[in-house]
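Here is a short note for a colleague opening this structure for the first time. The points below can be followed on the display.

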Amino acid sequence: MSPKNIKSDTPKLELKGVTKSFGDKHILRGIDLAIPTGKSLVIIGGSGTGKSVTLKCVLGLMQPDSGSILIDGEEIVGSSAKDRDRLMHKFGMLFQGGALFDSIKVWENIAFGLIHGRNIDRKKAREIAEEKIAAVGLKPEVADLYPAELSGGMQKRVALARAVAANPEIIFFDEPTTGLDPIMADVINDLIKDSVKSLGATALSITHDMASARKIADYVALLHEGKIVWHGAIEELNSSGNDYVDQFINGRATGPITRRVA
Amino acid sequence: MSSTFIPKPSSDKKQNAIVETVVESCEAVGRTVLSFFGLVGRIASFMGRSIYHCFTPPFFPSQFMRQLMDVGYYSLPVVGMTALFTGMVLALQSYTGFTRFNAEGAIAGVVALSVTRELAPVLAGLMVAGRVGASIAAEIGTMRVTEQIDALTTLSVNPFKYLVAPRILAGTLTLPILVLIGDIIGIYGGYVVAIYSLDFSVGTYLSQTWDIIEPIDVISGLIKAGVFGFIVTTMGCYHGYNSARGAQGVGAATTNAVVSSSILILIFNYVLTQVFFS
């Protein structure tokens, strides 16, 4: 589908009845979600509830067992490699651990998708990488360092610069503040918000950090045992009236969400 | 009057236990056979995909050049030392054995043929399996665990083209070159021992070597080396690519890469020898 054919009310990203199992373990039990263009949806939920699997299904890193995933109304489940490659050009992804390539320099990491995925020449790609390095608040000399020479917070900034380097239409954030101190986490949240806003991109994030969710979300969805048990605007989160949401956002051990320890 | 045989309860239990044991054993054998063929299928599918991506664009020449250096150039000292001492030991051992039959004259031929046909390709393959296969599995396995392979996909770069194809091509192309160098060094090792330790004459030893060696002896060794290079790099990539999570997963991938490629080298060495010389 060409951009001209996209209706204005078509969600940028939509999941319909997505299921995924590993053996007899049912991870996703029918996920239904829709994100309007230019909005940011944060999926919250405890560990092991299927947040990462949802993200991997959308990114094409895993194939859902059933259901439909639509980008601009175009089905990506079961699409050809060529179509998937074209759709992948719309995506940017910030991985939980950064997933920076440790054998190449910082600027090459940021420019990697531009050089190898979009055939932009190295000189131009380096210029873009240096712009992005500045945009995430790093000094220019960082460009020629290797990822192993950076702190955790700096690596996260570089990973963010890489995620937005190709000006993607949809950006995915996997636990963007995990492993960071509260101040650095807030800095990263601000950078995420600014990057998404300046690009006019649509964002899908997964996290269990409520401070992060409150900062970067327009909409929130709570995932529990492979199902969306509540979704709504961030402003409605505190007054959702949903027991699952109340327990999760207040971090209570007792409530409908039970955790198996063993 | 007819009577019906009613087995005693204890005999029933015994029979049931035997049947259960047999069924369990059959199930275990079935599971093992299925899992073995499953593994063979997955490896074959991985090989097929790898070969396809070796010959379809886009290509990554810088990655290929890096792998040529890693697999080829940096393996040269290991392969060279192995070939040198193998040739030297072979000359010494042959001399010890052949003097019993007054057949010292055959030493040059034995060294040349053993090194070119068997020892250089097999030992180089095994040494490269230990050095390169392990390193490939560890590197790709770590990339899998730290989501770098997923990152490649999200950056519109096919991991098979970027990671697997350059390594397999480099391994398949460089191992024959390493083995050719190993052939020369191995024969030279035998020559050094024969001339300086066993008092052979230079001219006689060289002419005996030259007379006995045929092009097929060298070529068969080089073809074997190409196959072994393919096996080592493919096994390294396969086990690294499918590495389980965590340090233990990467460790297991490394071990499996070395063990499986070493075993496959020995199996294919027999098969290829049968093809060339039977």
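1. Start with chain B. Read along the sequence, its pattern is α-α-α-α-α-α-α-α-α. That comes to nine helices and zero strands. Bear in mind that this is a predicted model.

2. What is the radius of gyration of chain B, and what would a compact globule of 278 residues have? Chain B has 26 Å, while the globule would be near 19 Å. Along its principal axes, the C-alpha trace of chain B spans about 100 × 70 × 30 Å.

3. Of its 278 residues, 41% are buried. Take the contacts in chain B with a separation of 6 or more: residues 24 or more positions apart account for 87% of them.

4. Now turn to chain A. Its secondary structure comes to eight helices and 10 strands. A compact globule of 262 residues would have a radius of gyration near 18 Å; chain A has 19 Å, which agrees. The C-alpha atoms of chain A fill a box of roughly 55 × 45 × 35 Å along the principal axes.

5. The burial and contact figures for chain A are as follows. Buried residues make up 43% of its 262 residues. Among contacts in chain A with a separation of 6 or more, 64% come from residues 24 or more positions apart.

6. One sheet of chain A has six strands. It is open, and the order is β6-β7-β8-β3-β9-β10. The pairing is mixed. Which strands stand at the edges? They are β6 (91–94) and β10 (227–233) of chain A, and each pairs on one side only. From one strand to the next, the twist averages 15°.

7. Look inside that sheet at β3 (residues 40–44) and β9 (residues 219–224) of chain A. These two strands run parallel and are joined by four bridges. I44(A) is placed opposite L222(A) in β9(A). Helix α8 (residues 243–250) of chain A lies across β3, β9 and β10 of chain A. Its direction is at about 100° to β9(A).

8. Another sheet of chain A has four strands. This open sheet has the order β2-β1-β4-β5, with antiparallel pairing. At its edges are β2 (25–35) and β5 (74–75) of chain A. Each has a single partner strand, so one side of each is left without a neighbour in the sheet.

9. How many bridges pair β1 (residues 13–22) of chain A with β2(A)? There are eight, in the antiparallel sense. Within this pair, F22(A) stands opposite K25(A) in β2(A). As background, strands of a sheet pair through backbone hydrogen bonds, either parallel or antiparallel.

10. Next, helix α5 (residues 152–164) of chain A. At 1.5 Å a residue, its 13 residues should span 18 Å. The end C-alpha atoms are 19 Å apart, which agrees.

11. Why can α5(A) be called largely enclosed by the rest of the structure? Because 11 of its 13 residues are buried. Among them are M154(A), Q155(A), K156(A), R157(A) and V158(A). A163(A) and V164(A) are also buried. The cover over these buried residues includes β6, α3 (106–117) and α4 (122–135) of chain A. It also includes β7 (170–174) and α6 (182–199) of chain A.

12. Domain 1 takes 11–90 + 169–262, and domain 2 takes 100–167. The centres of the two domains, taken over C-alpha atoms, are separated by 25 Å. Nine residues of domain 1 of chain A are in contact with nine residues of domain 2 of chain A. On the domain 1 side, the largest share comes from α6(A), with six residues.

13. Finish where the chains meet. The contact takes 15 residues from chain A and 10 residues from chain B. On the chain A side, α2 (81–88), β6 and α3 each supply at least two residues. Which of the elements of chain A gives the most? It is α3(A), with four residues.

Methods
Residues are numbered from 1 along each chain as its sequence is written. Chains are lettered from A and ligands numbered from 1 in the order in which they are written. This is a predicted model: local features need pLDDT of at least 70, side-chain atom pairs count only at pLDDT 80 or more; totals for chains, interfaces and linings use all residues. Two strands pair if DSSP finds at least two bridges between them. Axes are lines fitted to C-alpha atoms, for helices over the stretch in contact, and angles run from 0 to 180 degrees between N-to-C directions. Two residues are in contact if their C-beta atoms, placed from the backbone, lie within 7 Å. The radius of gyration is taken over C-alpha atoms; the globule rule is 2.2 Å times the number of residues to the power 0.38. A residue is buried if 20 or more other C-beta atoms lie within 10 Å of its own, exposed if 12 or fewer, and partly exposed in between; C-beta atoms are placed from the backbone. The expected span of a helix is 1.5 Å times one less than its number of residues. Domain bounds come from an automatic or database domain assignment.
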